[in-house]
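Welcome! Please take a moment with the sequence and the model below, and then let us walk through some of its places together.

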Amino acid sequence: MTGAEIRPFRIDVPQADLDDLRDRLTRTRWPDELPGVGWSRGVPVGYLRELADHWRTAYDWRKHEARLNQYPQFTTTVDGANLHFLHVRSPEPQATPLLLIHGWPGSIVEFLEVIGPLTDPAAHAGDPADAFHLVIPSLPGFGFSRPLPDTGWSYGRIAGALVELMGRLGYDRYGVQGDVGAFVAPVVGRQAPGRVVGVHVNALVTFPSGDQNELADLTEAEQQRMARLRHFQDDMMGYATIQGTRPQTLAYALNDSPVGQLAWIVEKFKEWTDPAAELPEDAVDRDHLLTNVSIYWLTGTAGSSASHYYETAHDPTMWAPRERGTVPTGVAVSLTQDVAIRKLAERDHNVVHWSEFDRGGHFAAMEAPEFLVGDVRAFFRTLAER
């Protein structure tokens, strides 16, 4: 057997691990809480108690494990790392191969609601010409792509592994979509511009260069997005600072306490989903959210997924000047959550498609799957017409 081989994979969590999870949830040592602080200092105890109790008594991992196992899954070794992925081929032979890339605190679970419509549009009131063959990897260090073999898994190295994966699967021309697309997906395009037909991103982050002229003549909506970015940097970056500097120390807490892991992730589903949702499960189905959290817990990848931030923070090429991307790029913007400014996006990427949606937030594939599916179809349809 060689590392380049594609190996069939099936999720089968030992029952002992599920029993251990329930036992740990039962024995949680809950902290005190100051009165009247709500969500301002993190996840409220009352809310998390209820959610953890649902996880312990009502949530059925086996049901959701079976749903994941409905899709063909594989592993292969790329650049020394074990890489797990779903490979769901469309019944349409001329379908466009499409690489779907999750981010933190997501997983392959993010894309479950879009697999059917994207691979088989004819069965979902769509045009067969819009069909895609899907490749959905667990990023190195996330989920079933474990353990990380070494350090240095920056965005560039991850992108290189994904380019290699698509080549092994026989895809010479393909598209890319990602909600961590501000980083990994465009890098895939930069590394393989002759192979990538287009890059579609949501939750794009555009950073000012420091040139004040860049921020002149912003629309009112763009000024609101800049204010949103400043608020994020001033008040919502604690998780990124910890993961970007001391991921191993954090791992001891999250890898030993399922409630700690739950709180660490569910906070982001509160802060990054549509503000109209009072609670995370008002934006994303509660069991869908818990399946995502369960993957982090059951695979023990709190630390290795956090290291993704460490590598980014310590990669000198991350913020270095670079040439503008040449691959056609589509950007989907949440009006309620995103911070993308079009002229800043066009500074860095070859933006040929820009759309805005008025509901949903960072987790578009989970919050507004019908919008994301429609926008992905529309973007790649325009490329086919060129």
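Ala203 counts as buried because its relative accessibility is 9%, where buried means under 20% relative accessible area, exposed over 50% and partly exposed in between (1.4 Å probe, protein chains only). You will find Ala203 in the loop between strand 7 (196-202) and helix 7 (220-235). Helices (H or I, at least four residues) and strands (E, at least two) are DSSP runs, numbered from the N terminus. The model you are viewing is predicted, so local features need pLDDT of at least 70 and side-chain atom pairs count only at pLDDT 80 or more, while totals for chains, interfaces and linings use all residues. Residues are numbered from 1 along each chain as its sequence is written, and side-chain values use heavy atoms, with hydrogens and water left out.

Back to the backbone of Ala203: its phi is near 60 degrees, a positive value in a residue other than glycine. Asp217 lies in the loop between strand 7 and helix 7 as well, and phi of Asp217 is also near 60 degrees. Is Asp217 buried or exposed? Asp217 is exposed, because its relative accessible area is 78%.

Most residues other than glycine have a negative phi, and most peptide bonds are trans. One joins Trp104 and Pro105, with omega about 5 degrees; Pro105 sits in the loop between strand 4 (96-101) and helix 4 (112-119). Another joins Arg146 and Pro147, with omega about -5 degrees, and Pro147 belongs to the loop between strand 5 (132-137) and helix 5 (155-168).

Gln243 counts as buried because its relative accessibility is 0%. Leaving aside residues up to four places away in sequence, Gln243 touches Trp104, Leu250, Trp264, Ala306, Tyr309 and Tyr310; contact here means heavy atoms within 4.5 Å. The side chains of Gln243 and Trp264 are joined by a polar contact of 2.8 Å. A polar contact is a pair of N or O atoms within 3.5 Å; within protein, one must be able to donate a hydrogen and the other to accept it, and residues adjacent in sequence count only if both atoms are side-chain atoms.

Trp264 is one of the buried residues of helix 10, a group that also includes Pro258, Val259, Leu262 and Val266.

Our last stop is Ser334, found in strand 8 (residues 328-334). Ser334 counts as buried because its relative accessibility is 0%. Its side chain makes a polar contact of 3.1 Å with the side chain of Thr336. The side chain of Ser334 also reaches the backbone oxygen of Gly360 at 2.7 Å. Not counting residues up to four places away in sequence, Ser334 touches Arg228, Phe357, Gly360 and Gly361.
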